[in-house]
Amino acid sequence: MTNKHMEIALVLVLIVVATVIFHWLSPWWLTEPASNWGEIDAMLIATLVITSFFFITINLFIAYCLWRFRHKSDDQRAAFQPENKKLEWALTLFTTVGISAMLAPGLWVYSDFVTVPKEASPIEVVGQQWQWSYRLPGKDGQLGKSDISLINAKNPLGLDSQDKHALDDILILNGPLMLPVHETVQVFLRSKDVLHDFYVPEFRVKMDLVPGLVSSFWFTPTRTGSFDVLCAELCGVGHYNMRSKITITSPDNYQSWLATQPTFQRLLNQQSRSLNQVEQGKELAQQQGCLACHSVDGSASVGPGWLNLYGKQEELTTGEVVQVDDDYLKRAITAPNTQIVTGFAAIMPAMPLDEKQLTAIIAYIKSLSDKSDIQQDKEVP
Ligand SMILES: [Cu+2]
């Protein structure tokens with residue numbers, strides 16, 4: 001028994017020593033900030049100092065007690081002390097001071113974070129399982145009206161086509177986004193389905209997207225570069241893959257990029273324009289976020305890649321082998337998790353596509369395969 005206690009004490013000391021060494025040697029320290037919110041670092045460091053103090057003290061104290069009060073002889077008895085008012089008060093006060101020191105400064109920063117300066121121009125971030133889309137104002141400088149009830153396969157962000165401010169809005173479906181350096185933006189956050197959290201570590205910004213609400217904060221990018229957008233709220237099995245990029249660039253670069261991005265009006269026009277099925281399917285695949293999880297160039301992806309998928313034999317988790325044809329793809333898109341291909345997880349959301357859109361996507365997948373004539377092959381003996 002005595003030895004067991006000493007082993008545990010030793011393990012606790014080792015955990016403390018290893019943690020401190022790991023902290024000093026690890027390369028994962030705060031990155032250089034890329035926005036005006038560098039002051040948030042002071043708060044992160046204060047939190048780290050306070051929590052490390054408690055972590056080190058408590059663990060070493062337990063290790064000390066295990067050693068100091070170890071079992072020595074059977075005559076020894078522990079003293080029963082049901083209450084110690086003095087100690088309780090001291091611990092309560094001490095903990096209160098520690099927790100207040102961690103939380104209170106954040107209230108001031110948070111208040112600045114949501115108090116938007118006048119010169120800020122609006123941008124919108126829309127989250128859905130599992131991709132990020134963005135909306136920028138058009139020439140009028142305002143974002144048009146949107147409503148969740150207007151969301152459908154042809155209007156993925158639910159903009160109001162009756163509102164003239166919405167028609168010139170620029171839609172960047174399934175990222176990446178560009179923003180000009182040193183220009184203040186107010187970010188509006190919307191979610192199409194569940195809770196997500198918009199997080200760009202270098203900008204030090206992080207905020208929840210709450211279905212049914214529009215949340216908002218502001219920031220000014222202070223240096224150019226390309227930064228990862230992460231989802232910081234567990235939002236389902238594809239959460240880890242919910243990523244995007246924001247590139248901060250010179251105002252000139254930004255303007256020439258902006259000019260190449262589609263407006264809501266253009267999206268509406270495109271739908272009335274006559275594209276062939278393969279082109280329609282390709283556009284849909286981009287707009288609906290299919291390409292976030294399915295590669296088209298043969299590279300590894302979250303879901304089965306589309307290059308040469310059509311006509312292939314796929315082995316399902318049930319052991320059954322199926323031929324990838326129109327019927328299989330239809331089922332795989334509308335009721336995704338009924339047949340899972342070996343090596344992949346059942347994480348795809350069912351896509352709200354009508355029959356015409358379904359045919360177009362399948363035509364696009366077919367066009368990516370050199371076995372796209374498989375169905376005709378069957379008919380010709
Ligand atoms: Cu998410």
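This is a predicted model: local features need pLDDT of at least 70, side-chain atom pairs count only at pLDDT 80 or more; totals for chains, interfaces and linings use all residues.

Visitor: How many helices and strands in the protein?
Guide: Ten helices and twelve strands. Helices (H or I, at least four residues) and strands (E, at least two) are DSSP runs, numbered from the N terminus.

Visitor: Is the protein spread out or compact?
Guide: It is more spread out than a compact globule, because its radius of gyration is 28 Å, well over the 21 Å that the globule rule gives for 381 residues. That radius is taken over C-alpha atoms, and the rule is 2.2 Å times the number of residues to the power 0.38. Along the principal axes, the C-alpha atoms fill a box of roughly 95 × 60 × 35 Å.

Visitor: What strand order does the open sheet of five have?
Guide: The order is 4-10-9-6-7, with mixed pairing. Strands pair if DSSP finds at least two bridges between them. Strand 4 (177–180) and strand 7 (205–209) are the edges. The twist averages 25° from one strand to the next.

Visitor: How do strand 4 and strand 10 run?
Guide: Parallel, joined by four bridges. Met 178 stands opposite Thr 247 in strand 10. Helix 5 (residues 251–258) packs on the sheet and touches both strand 4 and strand 10. A contact needs C-beta atoms, placed from the backbone, within 7 Å.

Visitor: New topic. At what angle do helix 7 and helix 9 cross?
Guide: Roughly 100°, with their axes coming within 7 Å. Axes are lines fitted to C-alpha atoms, for helices over the stretch in contact, and angles run from 0 to 180 degrees between N-to-C directions. That makes helix 7 roughly perpendicular to helix 9 (65 to 115 degrees).

Visitor: Which residues make the contact?
Guide: Among them are Val 278 and Leu 284 of helix 7, and Ile 361 and Tyr 364 of helix 9.

Visitor: Last one. Where is Leu 195?
Guide: In the loop between strand 5 (185–191) and strand 6 (196–200).

Visitor: Why does Leu 195 count as partly exposed?
Guide: Because 15 other C-beta atoms lie within 10 Å. Buried takes 20 or more, exposed 12 or fewer, and partly exposed falls in between, with C-beta atoms placed from the backbone. Leu 195 touches residues including Asp 208, Val 210 and Cys 235.

Notes. Residues are numbered from 1 along each chain as its sequence is written. Two residues are in contact if their C-beta atoms, placed from the backbone, lie within 7 Å. Angles under 35 degrees count as roughly parallel, over 145 as roughly antiparallel, 65 to 115 as roughly perpendicular and the rest as oblique. Lists of a residue's contacts leave out its neighbours within four places in sequence.
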